[in-house]
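This report describes the strand order of a sheet, the helices packed on it, and the overall dimensions of the chain. The model is a predicted one.

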Amino acid sequence: MTDTNARIEQVRDGMRILWDVTITMDDGLPLAADVFLPEQPGQYPVLISYGPYAKGLPFQEGYPTAWEALSSSHPDVAEGSSCAYQNWEVVDPEKWVPHGYAVVRVDSRGCGRSPGYIEHFSARETKDYVACIEWAADQQWSTGKVGTSGVSYFGMNQWQVAAERPRGLAAACIWEGASDFYRDASHHGGILSTFWEHWYDKQIKVVQYGLGDRGPVNPITGLNVCGDETLTDDQLAANRSDFGAIIRSHPLLDDWYRERSGVLENIEVPLLSAGNWGGSGLHLRGNVEGFLRAGSAQKWLEMHGLEHWTTYYTDYGRQIQLAFFDHFLKGVDNGWDQRPPVSLLVRSPGEVYEERVASAWPLPETAWQRLELDPVRLDLVEKGDAAAGSVEFSGEQDVTFRLPVSDVDREVSGPVSAKLFVSTDSDDADIFLTVRLFDSEGKEVTFAGAVDPNAPISMGWLRLSHRELDEVASTEWRPIHPHSRTLPVEAGTVYEVDVEVWPTCIVVPAGHTLAVTIGGRDYENPELKDAVTMSNFKNAMKGCGPFLHDDPIDRPAQRYATRVSIHCGGDYRSSILLPFQER
C-alpha cells in the first residue's frame, strides 16, 4: 500500500504517515499533502483540510503564545498525544487516527510546500479544494466518505467548497469560520478592517512557498516547511497578490467578495457550525448566518466561548466533532440525529458556562425588548420614557447608555440591533456600537474573546453612507445592508439608521448593569493602555483584538473624526433591541 507519490513514508506513534503526497490540479500544479493513516491496512473515512499555514510547521513553533495558553490552561489537549503533529487550526492526527480516521492536510496553492500564486479564497482555491476532496474519496485507503474540518481559514473555505458539492463530501464541521467575506471579515458595516493586511504580513508571507532554506524546517521529516526552492524577495512578491491593497480597492460588496463567500443556499451536506461568543470582528456572525442560510436539511449550530484556538482542541469540542463525524462518515447510530439543532454554552462573568439546547435560532422563547436611549439620564429606558433631545460623539469622545441595575440575574442571549437617528457635521460618519457589562462598583467586566483576552460583550458598526437596507433579507433583529452603493450624506440632516450588532450571550448578575457605548472609533478598554502585543499580531490587545478600523485612506480624519449627534425621544426614538431570556 505504499503511495508512490509520497516523498517519505514513516510508521510513527501508531500511525502510517505519507509525507508530501502530490495531488495534481487540473492546470498541472502539484499540491503537497500529508496523509496520516492507521497502521492496519484498510479503508477509512477521511478528514481533510486545505489552507495556507504550512502543514510542516508545528503549532508550538508557529504560534507559541497561543500554544502556551492552550496547553497550560487545558491539559486535556495534550493528553494522549505527543503533540508532535499538532498544526495551527486543524485536527491533531493522534487524536483521530486511533478512532479509525484518515487525516489529510493539504498546503494551499503558493503556501508551505505547494508552489503557485497566492490568491486567498479565490475561485481557483475553491476549485483546488474540490479536487483534493475528490482525490481523497478515490484513494485505496479511503471509504469514499470525506469530512472537512478546521478552524478559521479552514472553516471559511468550507462554506465555499461545500456549496460546490464535491463528490465524496459527506459532512462539514465549520469551527469559527466567517461565511460572508465582506460583512464578516473585510468591512464591518462598510468600514474597512485592517486585520487582513496585517494578517498577510504576519501569517502568510512567513510560510510562502519559495522561502526554502530561509524558512523553518519540519522537525520530523527534515524537509523545508516552505518548499525546496529558495526564491528571492522579488520572486516571492511576484507569486502573491497584494491582499490588503486589493481589499482596499474594493470598498463595496461586489463580485470579488461574492467569489470569496460561497453560495450558502447551495450547501446540502450535513453541517456542524460552531461559533464563538467572543468572535466579534471576524467569525461569530458567519457561523450564525451560515447555519441560518445553509440549504442543508441536517444542520446544527453550537456556540461556545474562550479563545479562538481552544475549544476545537479540548475534549468538549473534540467529542462533539467525533460524534458528528462518526454518525455521518461511519454511519454510527449514536443519537446525533436526535440532537437539538441549537446548542449554546451560556456565558456568565468569570468564564462560567452553562449548556442550553434549543430548537431554533434566535431562541424561540426570546422575550424581545426595545429600549430607548435617554439623552439626559444616559439610560436605556422603556418605550416612550426617553426625554427629547440629542447627545454627541466624535472620533475622540463616545457616549454610554446604561440599563438600570436589576436585583435579579438577567440573561441576554441572541441577536442585537439598534435603530438610531443621527446627524453629522461632515459628509459621512462611522458608528461604532459596543455592548458592555459593568459590576456593582462601576468596573467593566470583560471576557476571553476569540483573540483578545479582555473583550466586551459584543460590537456593531455602520458607515452612514452605507445605511441602505435590504428590505427583503432584513428582520427587526438582524438588519442587512447590501453595501452595493453609497448614499449621500448632508451635514445637519437627521438620518434613520439600523445597526446590526453581532449575536451575544451574557448573564447579567444582580447588581450588574448592561451598557451600550456609541462612538466614532474602535472600542478600547481604558484599563488596557499597557496591553502587550501577542505573537502573530501587529497591534496590542486592547479590547478589539486585531480587528481594527484605522486605515487612514478609508477613514481620513477630516471626514470621520467630526461631531455626530444621536437624536432621541419625541420624533426620534433611538433604541436598542435586546433578546432577554427566562432564567
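Eleven strands form an open sheet with mixed pairing, in the order β1-β2-β3-β5-β4-β6-β7-β10-β11-β12-β13. At its edges are β1 (8-12) and β13 (352-358), each of which pairs on one side only. Between neighbouring strands of this sheet the average turn is 20 degrees, direction ignored.

Within the sheet, β11 (residues 299-304) and β12 (residues 342-348) run parallel and are joined by three bridges. Met303 has Leu344 in β12 as its bridge partner.

| Helix | Residues | Strands it lies across | Angle |
|---|---|---|---|
| α11 | residues 284-293 | β7 (169-175), β10 (271-276), β11 and β12 | about 160 degrees to β11 |
| α12 | residues 315-330 | β4 (44-51), β6 (142-151), β7, β10, β11 and β12 | about 165 degrees to β7 |

Turning to the whole chain, its secondary structure amounts to 13 helices and 25 strands. Along the principal axes, the C-alpha atoms fill a box of roughly 80 × 55 × 45 Å. The radius of gyration is 24 Å, which agrees with a compact globule, because one of 583 residues would have a value near 25 Å.

Of the 583 residues, 64% are buried. Among contacts between residues at least 6 apart in sequence, 73% join residues at least 24 apart.

Notes: Residues numbered from 1 in each chain as written. Predicted model: local features only at pLDDT ≥ 70, side-chain atom pairs only at ≥ 80, totals over all residues. Heavy atoms only, no water. Pairing = 2+ DSSP bridges. Helix = DSSP H or I, 4+ residues; strand = E, 2+ residues; numbered from the N terminus. Axes fitted to C-alpha atoms, helices over the stretch in contact; angles between N-to-C directions. Contact = heavy atoms within 4.5 Å. Rg over C-alpha atoms; globule rule 2.2 N^0.38 Å. Buried < 20%, exposed > 50% of the residue type's maximum accessible area, 1.4 Å probe, protein only.
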